Amino acid sequence: MTDEKIVTDDESTNEESFAELFAASQANSGKLKPGAKVQARVLQVSNDWVFLDIGQKGEGVLDRRELTDPEGNLTVATGDTITAWFVGSSKGELRFSTKVGGAGAAAQGQLEDAWRSGIPVEGVVEKEVKGGFEVKVGGSVRAFCPFSQISLRRADNTAAFVGKHLPFRVIEYGERGRNIIVSHRAMLEEEQRQEREKLKETLTVGTVVEGTVSSLRDFGAFISIGAMDGLLPVSEAAWGKVRDIRQVLSVGDQVKVVVKQIDWEKERITFSLKDTLADPWESVPRKFAVGTSVTGTVVRLAPFGAFVALGDGIDGLLHISRLGGGKKIAHPKDVLKEGETVEVLVEGIDLDNRKISLALADFARAAAEADADLQAFRQKSATSPPGMGTLGELLKAKISGTKE
């Protein structure tokens with residue numbers, strides 16, 4: 001019995017030693033170091049612990065209180081995947097945390113570990129102070145968060161952050177914990193990086209996405225789609241010419257846009273709003289049939305002619321040869337000026353190249369009337385009975401008779 005007892009104790013000791021060695025080897029293997037971030041699957045939940053499957057790195061444990069809401073209700077279920085940080089090994093167990101200070105008071109040592117390892121800490125924004133906010137982390141430790149580190153963009157309403165519970169990253173830890181600086185922005189930037197990686201898998205040219213107008217510039221608008229901001233050039237805001245993007249959009253507007261270009265290396269996306277709208281050229285043959293007169297506005301003068309806006313996104317060209325009424329002019333500005341309303345006649349449509357040829361209606365009518373008179377005269381001359389003939393014919397006959 002004694003021998004059996006000794007063997008059992010040895011086996012138990014060996015098992016504990018093996019577990020400790022295994023945990024230590026995992027922590028020191030270079031694959032899993034304190035502060036390492038993992039995606040873990042919830043295997044089981046007990047009264048105190050959440051057991052995690054962390055893949056090839058073995059199993060880990062997490063304090064159950066970190067995954068409960070203020071009412072004490074568990075926020076995860078078996079099979080869920082969570083993000084956790086490796087804290088270290090204790091008694092053969094691999095300990096993980098979702099954040100320091102999420103459950104109970106965190107000691108100064110935990111905050112220092114959080115600084116060294118990059119583990120998030122839970123904090124409460126207590127009040128505004130000079131240059132930023134006083135934040136209470138780990139239950140009772142005071143830290144400072146500069147205004148520039150509370151959000152991704154400059155916060156106009158800083159008072160709105162007071163009283164909020166937010167995750168922070170410790171970016172400075174000095175004077176043995178008496179000088180702690182934290183950043184909420186660092187957490188938001190990390191979330192953005194993760195979202196960008198997801199976007200790379202799903203976002204392609206031609207995709208229609210919904211976004212929010214975040215800012216306006218003379219050259220266009222920036223549209224936020226969550227993880228990234230993209231540019232909507234003013235030329236892509238509408239089918240018609242837009243001189244000021246502010247005539248079309250306002251900050252905060254929700255819009256649907258089409259992805260035109262993507263440059264992942266430079267993290268640039270270009271959007272188009274007009275591509276989500278009906279193409280006005282599809283209705284050109286019906287609205288502006290050849291031979292019809294329409295009213296338009298002169299939008300641009302060029303040496304070779306004048307461009308006339310007939311509708312949103314539809315311009316026609318009045319060639320310089322169609323502007324002088326038969327007289328040669330040096331420049332379209334001799335006849336027209338920008339902003340002038342004119343009546344024009346549609347002479348031709350080229351849908352493939354999106355071109356419409358125009359003529360000034362007054363000159364076109366005069367030319368048509370003159371042509372009609374000429375045609376009528378020729379027809380009348382052709383059907384008239386033989387007579388004295390034209391004056392030229394009479395003179396020719398007289399000259400011939402005199403020579404004889």
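I began with burial: the protein has 404 residues, and 35% of them are buried (under 20% relative accessible area; exposed is over 50%, partly exposed in between; 1.4 Å probe, protein chains only). The model is predicted, so I noted its rules: local features need pLDDT of at least 70, side-chain atom pairs count only at pLDDT 80 or more, and totals for chains, interfaces and linings use all residues. Residues are numbered from 1 along each chain as its sequence is written, and side-chain values use heavy atoms, with hydrogens and water left out.

**Entry 1: elements and confidence**

I looked up the elements and found six helices and 20 strands. These are DSSP runs (helices H or I, at least four residues; strands E, at least two), numbered from the N terminus.

Next I checked pLDDT, the predictor's confidence in each residue, from 0 to 100. The protein's mean is 80, and 78% of its residues reach 70 or more. Helix α1 (residues 2–28) has the lowest confidence, with a mean of 45. Strand β15 (residues 268–272) has the highest, at 94. Over residues 18–30 the pLDDT stays under 50, and the model has 12 contacts for them beyond four places in sequence. A contact means heavy atoms within 4.5 Å. Residues 102–106 are also below 50, with nine contacts beyond near neighbours in sequence.

I then looked at contacts between residues at least 6 apart in sequence: 55% of them join residues at least 24 apart.

**Entry 2: the largest pocket**

I noted the terms first. On a 1 Å grid over the protein atoms alone, a pocket is an open set of points where a 1.4 Å probe fits, with protein on both sides within 12 Å along at least five of seven lines; lining residues have an atom within 4 Å of a point. Points are joined across faces, edges and corners, and a volume is the space filled by probe spheres set on them.

The largest pocket holds about 700 Å³. It is lined by 26 residues, and E66, T98, K99, E122 and P167 are the closest to its centre. β4 (81–90), β6 (121–129), β9 (165–174) and α3 (185–202) each give two or more residues to the lining. Helix α3 gives the largest share, six residues.

I sorted the lining by class: eight nonpolar, eight polar and 10 charged. Ala, Val, Leu, Ile, Met, Phe, Trp, Tyr, Cys and Pro count as nonpolar, Asp, Glu, Lys and Arg as charged, and the others, Gly among them, as polar.

Where does the largest pocket lie? It lies between domain 1 (33–95) and domain 2 (118–189), because both give residues to its lining. Domain bounds come from an automatic or database domain assignment.

**Entry 3: the second largest pocket**

Its volume is about 510 Å³. I found 19 lining residues, with W239, G240, K241, G313 and D315 nearest the centre. β16 (293–302), β17 (305–311) and β18 (314–319) supply at least two each. Domain 3 (203–276) and domain 4 (281–370) both contribute to this lining, so the pocket lies between them.

**Entry 4: two residues**

Q192 is in helix α3. Is Q192 buried or exposed? Q192 counts as buried, because its relative accessibility is 18%. Beyond four places in sequence, Q192 contacts L152, G226 and A227.

G60 is in strand β3 (residues 59–63). G60 is buried too, at 4% relative accessibility. Leaving out residues up to four places away, G60 touches V50, F51, L52, L94 and F96.
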